[in-house]
Amino acid sequence: MELKQLYREIVNEHNLHPAHKHELENPTMVLQGVNPSCGDDIYLQLKVEDGVITDAAFNGSGCAISQASTDMMIDLIIGQTEEEALRAAGNFMKMIKGTATEEELEELDESAALQDISHMPARVKCASLGWRTMRQMLEEME
């Protein structure tokens, strides 16, 4: 199977069957993320205990890329410290800009499936919505 096809299937799976699209019981942080250029709108919910993201979920609506990217991000950050999650967000933004190293891409796990978004400027805001929302949420809590 071609790598691009595999990436499309990963994105499709996270869009059609998101594991983390639901209400989170007793989140410690909630923030709305909006992409006004296309109408993507999410509510990101995190449960943070002693500096570790113990659970996360999201709700909202948007294109396949914004929904899949947010779901993949949550897969990655559950169990991470706030600092690790912020580093992952930085790596994701580097990937979107086409400047991530192979090591940084590996750290992104399935989220690296969105690497080709860097060639689609109109979709960059969609892919980064969940990541920007999470970064803003964690930075404001410091």
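## Terms and overview

Partly exposed means a relative accessible area between the buried limit, under 20%, and the exposed limit, over 50%. Lys94, at 35% relative accessibility, therefore counts as partly exposed.

The model is predicted. A search of the whole structure finds three salt bridges. Side chains of opposite charge can pair when their charged atoms come close.

## Helix H3 to helix H4

Glu104 and Lys94 meet through their side chains in a salt bridge, at 2.7 Å from N to O. Glu104 sits in helix H4 and Lys94 in helix H3, so this pair ties together parts 10 residues apart in sequence. Glu104 has 13% relative accessibility and counts as buried, because the cut-off for buried is under 20%.

Glu107 belongs to helix H4 (residues 102-107) and Arg87 to helix H3 (residues 82-97), so the pair links parts that are 20 residues apart in sequence. Glu107 is partly exposed, with a relative accessible area of 33%. Arg87 is partly exposed too, at 46%.

## Within helix H5

Glu139 forms a salt bridge with Arg135. Their closest N and O atoms are 3.9 Å apart. Both residues lie in helix H5 (residues 121-141). They are four residues apart, about one turn of the helix.

How accessible is Glu139, buried or partly exposed? Glu139 counts as partly exposed, at 43% relative accessibility. Arg135, at 28%, also counts as partly exposed.

How values were computed
Residues numbered from 1 in each chain as written. Predicted model: local features only at pLDDT ≥ 70, side-chain atom pairs only at ≥ 80, totals over all residues. Heavy atoms only, no water. Salt bridge = Lys/Arg side-chain N within 4 Å of Asp/Glu carboxyl O. Helix = DSSP H or I, 4+ residues; strand = E, 2+ residues; numbered from the N terminus. Buried < 20%, exposed > 50% of the residue type's maximum accessible area, 1.4 Å probe, protein only.
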